[in-house]
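Hi there,

Here is the structure I promised to pass on. Have a look at it first, and my notes follow below.

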Amino acid sequence: MESVQDDRCFSNTFQEYKGENMLREDGRLKESLSKRIEEHIDRLLERLYEGLGEEGDESYSVYTGIGGIAHLHLHMYSKLKKDRGQLECALDCLRQPLRHLKGQRISFLCGDAGPLALGAVIYDKLGSKPASKDCVTRLVGLQKDVCRDPSLPDELLYGRAGYLYALLFVRAHLGDDSISTEVIHKVYKCITDSGIHMSQQQGWRHPLMYAWHEKHYLGAAHGLVGIFYILMHVKDESLKKHLEELIRPSLEYMLTLRFPSGNCPSSVGSSTGDKLVHWCHGAPGWIHMFIMAYKEFGEDRYLQAAKACADVIWSRGLLKKGFGLCHGISGNAYAFLAMYKLTDDQAYLYKAYKFATMTMERNVRVRIPDHPYSLFEGLAGTIYFLIDLLDPKSAKFPAFDLP
(Lines give C-alpha, C1' and ligand atoms only; values in the text may rest on other atoms or scores of the structure.)
Protein backbone atom coordinates (compact mmCIF):
# COMPACT_ATOMS: atom_id res chain seq x y z
CA MET A 1 0.00 0.00 0.00
CA GLU A 2 1.20 3.49 -0.85
CA SER A 3 1.86 5.41 2.34
CA VAL A 4 0.19 8.81 2.60
CA GLN A 5 0.92 11.50 5.15
CA ASP A 6 -0.27 15.09 5.27
CA ASP A 7 -1.37 17.61 7.84
CA ARG A 8 -4.69 15.74 8.30
CA CYS A 9 -3.64 12.10 8.67
CA PHE A 10 -0.85 9.86 9.87
CA SER A 11 0.97 7.69 7.37
CA ASN A 12 -0.53 4.20 7.31
CA THR A 13 2.41 1.85 7.76
CA PHE A 14 0.33 -1.22 8.64
CA GLN A 15 1.00 -4.34 6.58
CA GLU A 16 -1.74 -5.64 4.35
CA TYR A 17 -3.87 -8.55 5.55
CA LYS A 18 -2.13 -11.93 5.22
CA GLY A 19 -5.17 -14.20 5.51
CA GLU A 20 -5.01 -15.12 9.18
CA ASN A 21 -8.28 -16.05 10.89
CA MET A 22 -9.26 -13.45 13.50
CA LEU A 23 -12.44 -15.04 14.80
CA ARG A 24 -13.70 -17.66 17.21
CA GLU A 25 -16.38 -20.09 16.11
CA ASP A 26 -19.11 -17.85 17.52
CA GLY A 27 -18.00 -14.92 15.33
CA ARG A 28 -16.37 -12.88 18.08
CA LEU A 29 -12.73 -11.81 18.00
CA LYS A 30 -10.22 -14.39 19.13
CA GLU A 31 -9.07 -14.02 22.72
CA SER A 32 -5.53 -13.20 21.59
CA LEU A 33 -6.96 -10.06 19.94
CA SER A 34 -9.86 -9.25 22.23
CA LYS A 35 -7.92 -9.32 25.50
CA ARG A 36 -5.95 -6.19 24.60
CA ILE A 37 -9.14 -4.40 23.54
CA GLU A 38 -11.00 -5.36 26.72
CA GLU A 39 -8.13 -4.14 28.89
CA HIS A 40 -8.04 -0.87 26.96
CA ILE A 41 -11.81 -0.44 27.33
CA ASP A 42 -11.41 -0.74 31.12
CA ARG A 43 -8.66 1.91 31.11
CA LEU A 44 -10.69 4.26 28.94
CA LEU A 45 -13.76 3.85 31.15
CA GLU A 46 -11.71 4.93 34.17
CA ARG A 47 -10.55 8.02 32.28
CA LEU A 48 -14.08 8.70 31.10
CA TYR A 49 -15.61 8.65 34.58
CA GLU A 50 -12.81 10.76 36.01
CA GLY A 51 -13.16 13.28 33.19
CA LEU A 52 -16.94 13.49 33.40
CA GLY A 53 -16.69 14.10 37.14
CA GLU A 54 -14.44 17.08 36.51
CA GLU A 55 -16.26 18.41 33.44
CA GLY A 56 -19.86 18.47 34.66
CA ASP A 57 -23.06 17.82 32.71
CA GLU A 58 -23.81 21.11 30.95
CA SER A 59 -24.83 19.60 27.60
CA TYR A 60 -27.73 17.16 27.31
CA SER A 61 -27.24 16.10 23.70
CA VAL A 62 -26.37 12.64 22.45
CA TYR A 63 -23.74 14.20 20.19
CA THR A 64 -21.50 15.91 22.76
CA GLY A 65 -23.40 15.74 26.05
CA ILE A 66 -24.60 13.46 28.80
CA GLY A 67 -27.21 11.93 26.47
CA GLY A 68 -24.34 10.27 24.63
CA ILE A 69 -23.03 8.77 27.85
CA ALA A 70 -26.49 7.30 28.45
CA HIS A 71 -26.29 5.78 24.97
CA LEU A 72 -22.91 4.26 25.81
CA HIS A 73 -24.30 2.66 28.98
CA LEU A 74 -27.21 1.19 27.00
CA HIS A 75 -24.65 -0.18 24.53
CA MET A 76 -22.60 -1.71 27.35
CA TYR A 77 -25.74 -3.35 28.72
CA SER A 78 -26.59 -4.81 25.31
CA LYS A 79 -23.13 -5.94 24.23
CA LEU A 80 -21.11 -6.85 27.32
CA LYS A 81 -23.29 -8.19 30.13
CA LYS A 82 -26.99 -7.80 30.74
CA ASP A 83 -26.12 -5.83 33.86
CA ARG A 84 -29.09 -3.85 35.20
CA GLY A 85 -26.59 -1.45 36.74
CA GLN A 86 -25.68 -0.21 33.26
CA LEU A 87 -29.32 0.65 32.61
CA GLU A 88 -29.55 2.47 35.92
CA CYS A 89 -26.40 4.46 35.05
CA ALA A 90 -27.95 5.29 31.69
CA LEU A 91 -31.12 6.49 33.38
CA ASP A 92 -29.12 8.59 35.85
CA CYS A 93 -27.54 10.33 32.87
CA LEU A 94 -30.98 11.06 31.39
CA ARG A 95 -32.87 12.33 34.44
CA GLN A 96 -31.71 15.94 34.06
CA PRO A 97 -32.11 16.07 30.26
CA LEU A 98 -35.64 14.64 30.43
CA ARG A 99 -36.63 17.31 32.97
CA HIS A 100 -35.09 20.20 31.04
CA LEU A 101 -35.83 19.63 27.36
CA LYS A 102 -35.97 22.98 25.62
CA GLY A 103 -38.12 22.17 22.60
CA GLN A 104 -35.78 24.08 20.29
CA ARG A 105 -34.18 21.19 18.43
CA ILE A 106 -35.75 17.97 17.26
CA SER A 107 -33.04 15.50 16.20
CA PHE A 108 -31.72 12.39 17.93
CA LEU A 109 -28.15 13.67 18.09
CA CYS A 110 -28.62 17.32 19.01
CA GLY A 111 -32.23 17.72 20.08
CA ASP A 112 -34.98 16.57 22.41
CA ALA A 113 -35.65 13.43 20.36
CA GLY A 114 -32.44 11.75 21.53
CA PRO A 115 -33.04 11.77 25.29
CA LEU A 116 -36.73 10.95 24.75
CA ALA A 117 -35.96 7.97 22.51
CA LEU A 118 -33.27 6.69 24.85
CA GLY A 119 -35.54 7.25 27.83
CA ALA A 120 -38.32 5.25 26.21
CA VAL A 121 -36.00 2.29 25.63
CA ILE A 122 -34.17 2.40 28.97
CA TYR A 123 -37.34 2.77 31.05
CA ASP A 124 -38.86 -0.14 29.14
CA LYS A 125 -35.86 -2.38 29.80
CA LEU A 126 -36.01 -1.42 33.50
CA GLY A 127 -39.66 -2.44 33.59
CA SER A 128 -41.01 1.11 34.04
CA LYS A 129 -43.67 0.89 31.33
CA PRO A 130 -45.61 4.09 32.21
CA ALA A 131 -42.43 6.19 32.14
CA SER A 132 -41.42 4.58 28.84
CA LYS A 133 -44.82 5.31 27.35
CA ASP A 134 -44.62 8.93 28.52
CA CYS A 135 -41.29 9.35 26.69
CA VAL A 136 -42.80 7.84 23.53
CA THR A 137 -45.82 10.16 23.77
CA ARG A 138 -43.59 13.21 24.15
CA LEU A 139 -41.40 12.06 21.27
CA VAL A 140 -44.35 11.52 18.93
CA GLY A 141 -45.75 14.87 20.07
CA LEU A 142 -42.80 16.62 18.39
CA GLN A 143 -44.01 15.39 15.00
CA LYS A 144 -46.48 18.22 14.45
CA ASP A 145 -43.80 20.90 14.74
CA VAL A 146 -41.36 18.80 12.73
CA CYS A 147 -43.74 18.68 9.78
CA ARG A 148 -45.29 22.13 10.23
CA ASP A 149 -42.21 24.33 10.60
CA PRO A 150 -40.78 25.11 7.13
CA SER A 151 -37.61 26.59 8.61
CA LEU A 152 -36.42 23.24 9.97
CA PRO A 153 -33.56 21.58 8.06
CA ASP A 154 -33.83 18.01 6.80
CA GLU A 155 -30.34 16.77 7.68
CA LEU A 156 -29.33 14.23 10.33
CA LEU A 157 -27.51 16.30 12.94
CA TYR A 158 -30.19 18.91 13.64
CA GLY A 159 -33.03 18.18 11.26
CA ARG A 160 -35.94 15.97 10.26
CA ALA A 161 -33.81 12.96 9.29
CA GLY A 162 -32.47 13.03 12.86
CA TYR A 163 -36.03 13.03 14.19
CA LEU A 164 -37.02 10.17 11.88
CA TYR A 165 -34.04 8.20 13.18
CA ALA A 166 -35.31 8.66 16.76
CA LEU A 167 -38.71 7.23 15.80
CA LEU A 168 -37.09 4.26 14.04
CA PHE A 169 -34.74 3.71 17.01
CA VAL A 170 -37.70 3.35 19.38
CA ARG A 171 -39.49 1.04 16.96
CA ALA A 172 -36.38 -1.14 16.60
CA HIS A 173 -36.24 -1.63 20.37
CA LEU A 174 -39.90 -1.63 21.38
CA GLY A 175 -41.62 -2.99 18.28
CA ASP A 176 -43.60 -1.50 15.41
CA ASP A 177 -46.65 -0.97 17.61
CA SER A 178 -44.76 1.51 19.78
CA ILE A 179 -44.99 4.25 17.12
CA SER A 180 -47.66 4.22 14.45
CA THR A 181 -46.88 3.75 10.79
CA GLU A 182 -48.89 6.90 10.13
CA VAL A 183 -46.41 9.02 12.13
CA ILE A 184 -43.43 7.43 10.35
CA HIS A 185 -45.04 8.05 6.96
CA LYS A 186 -45.84 11.69 7.75
CA VAL A 187 -42.23 12.47 8.65
CA TYR A 188 -40.90 10.46 5.71
CA LYS A 189 -43.22 12.32 3.32
CA CYS A 190 -42.32 15.66 4.85
CA ILE A 191 -38.64 14.98 4.15
CA THR A 192 -39.21 13.76 0.58
CA ASP A 193 -41.62 16.62 -0.20
CA SER A 194 -39.00 19.09 0.99
CA GLY A 195 -36.37 17.48 -1.26
CA ILE A 196 -38.72 17.45 -4.26
CA HIS A 197 -39.58 21.12 -3.75
CA MET A 198 -35.95 22.24 -3.62
CA SER A 199 -34.96 20.11 -6.60
CA GLN A 200 -37.77 21.50 -8.74
CA GLN A 201 -37.37 25.06 -7.53
CA GLN A 202 -33.63 25.10 -8.29
CA GLY A 203 -33.78 23.03 -11.47
CA TRP A 204 -31.80 19.94 -10.44
CA ARG A 205 -32.10 16.85 -12.64
CA HIS A 206 -32.28 14.38 -9.76
CA PRO A 207 -35.56 14.36 -7.79
CA LEU A 208 -34.35 15.09 -4.21
CA MET A 209 -32.13 17.99 -3.18
CA TYR A 210 -31.43 19.51 0.22
CA ALA A 211 -29.44 22.33 1.78
CA TRP A 212 -28.26 23.36 5.21
CA HIS A 213 -27.53 27.04 5.81
CA GLU A 214 -28.10 27.58 2.07
CA LYS A 215 -25.28 25.20 1.15
CA HIS A 216 -25.78 21.83 -0.55
CA TYR A 217 -23.92 19.59 1.88
CA LEU A 218 -23.44 15.99 0.84
CA GLY A 219 -22.06 14.08 3.83
CA ALA A 220 -23.57 12.04 6.64
CA ALA A 221 -23.99 14.76 9.27
CA HIS A 222 -25.43 17.69 7.35
CA GLY A 223 -26.08 16.43 3.86
CA LEU A 224 -27.69 14.13 1.37
CA VAL A 225 -25.88 10.98 2.52
CA GLY A 226 -27.39 11.14 5.99
CA ILE A 227 -30.86 11.91 4.65
CA PHE A 228 -30.87 9.16 2.01
CA TYR A 229 -29.40 6.65 4.44
CA ILE A 230 -32.13 7.23 7.03
CA LEU A 231 -34.89 7.24 4.40
CA MET A 232 -33.68 3.84 3.16
CA HIS A 233 -34.12 2.46 6.67
CA VAL A 234 -37.88 2.90 6.40
CA LYS A 235 -39.00 -0.54 5.22
CA ASP A 236 -42.52 -0.39 3.88
CA GLU A 237 -43.97 -1.85 0.70
CA SER A 238 -46.20 1.20 0.28
CA LEU A 239 -43.05 3.34 -0.06
CA LYS A 240 -41.42 1.15 -2.71
CA LYS A 241 -42.42 3.64 -5.40
CA HIS A 242 -40.64 6.45 -3.55
CA LEU A 243 -37.53 4.28 -3.25
CA GLU A 244 -37.44 3.65 -6.99
CA GLU A 245 -38.58 7.03 -8.28
CA LEU A 246 -37.03 9.43 -5.77
CA ILE A 247 -34.15 7.89 -3.84
CA ARG A 248 -32.61 5.62 -6.46
CA PRO A 249 -32.08 8.34 -9.15
CA SER A 250 -30.75 10.65 -6.44
CA LEU A 251 -28.22 7.97 -5.48
CA GLU A 252 -27.18 7.78 -9.13
CA TYR A 253 -26.45 11.51 -8.96
CA MET A 254 -24.28 10.90 -5.89
CA LEU A 255 -22.21 8.36 -7.82
CA THR A 256 -21.25 11.07 -10.32
CA LEU A 257 -19.75 13.34 -7.66
CA ARG A 258 -16.95 11.11 -6.38
CA PHE A 259 -13.29 12.05 -6.67
CA PRO A 260 -10.93 9.80 -8.70
CA SER A 261 -9.31 8.75 -5.40
CA GLY A 262 -12.55 7.12 -4.24
CA ASN A 263 -13.19 9.87 -1.71
CA CYS A 264 -16.34 12.00 -1.80
CA PRO A 265 -16.89 15.77 -1.54
CA SER A 266 -18.34 17.52 1.50
CA SER A 267 -20.66 19.77 -0.53
CA VAL A 268 -21.59 20.62 -4.10
CA GLY A 269 -18.74 22.70 -5.54
CA SER A 270 -16.73 22.19 -2.34
CA SER A 271 -13.75 24.50 -2.00
CA THR A 272 -11.93 21.98 0.20
CA GLY A 273 -11.47 19.53 -2.68
CA ASP A 274 -10.36 15.98 -1.99
CA LYS A 275 -9.24 16.53 1.60
CA LEU A 276 -11.83 15.47 4.17
CA VAL A 277 -11.94 11.77 5.09
CA HIS A 278 -14.41 11.98 7.98
CA TRP A 279 -17.70 10.28 8.80
CA CYS A 280 -19.37 13.70 8.84
CA HIS A 281 -17.82 14.84 5.52
CA GLY A 282 -16.32 12.32 3.10
CA ALA A 283 -16.00 8.64 2.26
CA PRO A 284 -16.42 7.27 5.83
CA GLY A 285 -20.04 8.48 5.78
CA TRP A 286 -20.78 7.82 2.11
CA ILE A 287 -19.70 4.17 2.35
CA HIS A 288 -22.69 3.32 4.55
CA MET A 289 -25.08 4.81 1.99
CA PHE A 290 -23.47 2.85 -0.85
CA ILE A 291 -23.65 -0.39 1.16
CA MET A 292 -27.33 0.19 1.87
CA ALA A 293 -27.95 1.00 -1.80
CA TYR A 294 -26.22 -2.24 -2.81
CA LYS A 295 -28.41 -4.21 -0.40
CA GLU A 296 -31.55 -2.54 -1.72
CA PHE A 297 -30.90 -2.63 -5.47
CA GLY A 298 -28.16 -5.26 -5.96
CA GLU A 299 -26.29 -3.04 -8.44
CA ASP A 300 -22.56 -3.79 -8.56
CA ARG A 301 -21.65 -0.13 -9.06
CA TYR A 302 -22.76 0.62 -5.50
CA LEU A 303 -20.55 -2.17 -4.17
CA GLN A 304 -17.60 -0.90 -6.20
CA ALA A 305 -18.18 2.62 -4.89
CA ALA A 306 -18.19 1.26 -1.32
CA LYS A 307 -14.93 -0.62 -1.94
CA ALA A 308 -13.33 2.55 -3.34
CA CYS A 309 -14.42 4.42 -0.21
CA ALA A 310 -12.85 1.71 1.96
CA ASP A 311 -9.57 1.96 0.04
CA VAL A 312 -9.24 5.70 0.56
CA ILE A 313 -10.15 5.36 4.25
CA TRP A 314 -7.41 2.75 4.69
CA SER A 315 -4.96 5.08 2.96
CA ARG A 316 -5.94 8.40 4.56
CA GLY A 317 -8.23 7.62 7.48
CA LEU A 318 -5.79 7.66 10.42
CA LEU A 319 -6.85 11.17 11.31
CA LYS A 320 -4.83 13.55 13.44
CA LYS A 321 -8.09 15.20 14.55
CA GLY A 322 -8.61 12.48 17.13
CA PHE A 323 -9.99 9.05 17.96
CA GLY A 324 -13.69 9.96 17.91
CA LEU A 325 -16.66 9.02 15.74
CA CYS A 326 -17.63 12.18 13.87
CA HIS A 327 -14.20 13.15 12.56
CA GLY A 328 -11.81 10.62 14.02
CA ILE A 329 -10.22 7.22 13.68
CA SER A 330 -12.99 5.24 15.41
CA GLY A 331 -15.67 6.64 13.11
CA ASN A 332 -13.55 5.78 10.10
CA ALA A 333 -12.98 2.25 11.37
CA TYR A 334 -16.73 1.64 11.37
CA ALA A 335 -16.52 1.76 7.57
CA PHE A 336 -14.41 -1.41 7.64
CA LEU A 337 -16.81 -3.13 10.04
CA ALA A 338 -19.67 -2.29 7.67
CA MET A 339 -17.75 -3.79 4.74
CA TYR A 340 -16.88 -6.88 6.76
CA LYS A 341 -20.54 -7.39 7.64
CA LEU A 342 -21.47 -7.07 3.98
CA THR A 343 -18.76 -9.25 2.44
CA ASP A 344 -17.53 -11.60 5.24
CA ASP A 345 -14.03 -10.67 4.07
CA GLN A 346 -11.77 -10.62 7.12
CA ALA A 347 -9.41 -8.24 5.34
CA TYR A 348 -11.87 -5.50 6.32
CA LEU A 349 -12.06 -6.76 9.90
CA TYR A 350 -8.26 -6.68 10.00
CA LYS A 351 -8.31 -3.03 8.90
CA ALA A 352 -10.84 -2.13 11.58
CA TYR A 353 -8.66 -3.87 14.15
CA LYS A 354 -5.53 -2.05 13.01
CA PHE A 355 -7.30 1.30 13.26
CA ALA A 356 -8.36 0.26 16.77
CA THR A 357 -4.76 -0.42 17.76
CA MET A 358 -3.94 3.15 16.75
CA THR A 359 -6.32 4.37 19.45
CA MET A 360 -4.45 2.24 22.00
CA GLU A 361 -0.94 3.53 21.31
CA ARG A 362 0.30 5.77 24.09
CA ASN A 363 2.76 7.64 21.88
CA VAL A 364 0.20 8.72 19.26
CA ARG A 365 -0.52 12.41 19.65
CA VAL A 366 -3.83 13.62 18.25
CA ARG A 367 -5.79 16.82 18.66
CA ILE A 368 -7.86 17.13 21.83
CA PRO A 369 -11.49 17.71 20.82
CA ASP A 370 -13.73 20.41 22.27
CA HIS A 371 -15.74 17.72 24.10
CA PRO A 372 -13.07 15.13 24.97
CA TYR A 373 -15.36 12.68 26.80
CA SER A 374 -18.39 12.79 24.52
CA LEU A 375 -19.91 10.14 22.28
CA PHE A 376 -19.27 11.75 18.92
CA GLU A 377 -16.07 13.70 19.56
CA GLY A 378 -14.39 11.96 22.43
CA LEU A 379 -13.66 8.96 24.62
CA ALA A 380 -17.20 7.61 24.85
CA GLY A 381 -17.30 7.11 21.09
CA THR A 382 -13.98 5.29 21.05
CA ILE A 383 -15.22 2.98 23.81
CA TYR A 384 -18.46 2.39 21.91
CA PHE A 385 -16.50 1.37 18.80
CA LEU A 386 -14.10 -0.92 20.69
CA ILE A 387 -17.05 -2.74 22.28
CA ASP A 388 -18.55 -3.27 18.82
CA LEU A 389 -15.22 -4.57 17.49
CA LEU A 390 -15.34 -7.46 19.98
CA ASP A 391 -18.44 -8.82 18.20
CA PRO A 392 -18.02 -7.37 14.70
CA LYS A 393 -21.04 -8.97 13.02
CA SER A 394 -23.36 -7.06 15.35
CA ALA A 395 -21.54 -3.71 15.08
CA LYS A 396 -23.78 -0.67 14.48
CA PHE A 397 -22.67 2.94 14.11
CA PRO A 398 -24.50 4.80 16.90
CA ALA A 399 -27.26 7.26 15.96
CA PHE A 400 -26.86 6.22 12.31
CA ASP A 401 -27.43 2.47 12.06
CA LEU A 402 -30.53 1.01 13.65
CA PRO A 403 -30.16 -1.44 16.57
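Gln346 makes contact with Tyr17, Glu20, Asn21, Met22, Leu23 and Tyr340, leaving aside residues up to four places away in sequence. Please keep in mind that this is a predicted model. Gln346 belongs to helix 14, which covers residues 346-360. Is Gln346 buried or exposed? Gln346 counts as buried because its relative accessible area is 15%, under the 20% cut-off.

Helix 3 is another part I looked at. Helix 3 runs over residues 84-99, 16 residues in total, and spans 23 Å from its first C-alpha to its last, close to the expected 22 Å. At Cys93, helix 3 bends by about 30°, and a proline, Pro97, follows within four residues. Both Cys93 and Pro97 are buried, and so are Gln86, Leu87, Ala90, Leu91, Leu94 and Leu98. In an α-helix, residues three or four places apart point the same way, because there are 3.6 residues a turn.

Finally, the cavities. Lining the second largest cavity are Lys321, Gly322, Phe323, Gly324, Leu325, His327, Gly328, Pro369, Phe376 and Glu377. By class, that lining is made up of four nonpolar, four polar and two charged residues.

Terms used
Residues numbered from 1 in each chain as written. Predicted model: local features only at pLDDT ≥ 70, side-chain atom pairs only at ≥ 80, totals over all residues. Heavy atoms only, no water. Helix = DSSP H or I, 4+ residues; strand = E, 2+ residues; numbered from the N terminus. Buried < 20%, exposed > 50% of the residue type's maximum accessible area, 1.4 Å probe, protein only. Contact = heavy atoms within 4.5 Å. 1 Å grid on protein atoms, 1.4 Å probe; cavity = no way out; pocket = protein on both sides within 12 Å on 5 of 7 lines; lining within 4 Å. Nonpolar A, V, L, I, M, F, W, Y, C, P; charged D, E, K, R; others polar. Expected span 1.5 Å × (residues − 1). Bend = angle between axes of the 7 residues up to and from the residue.
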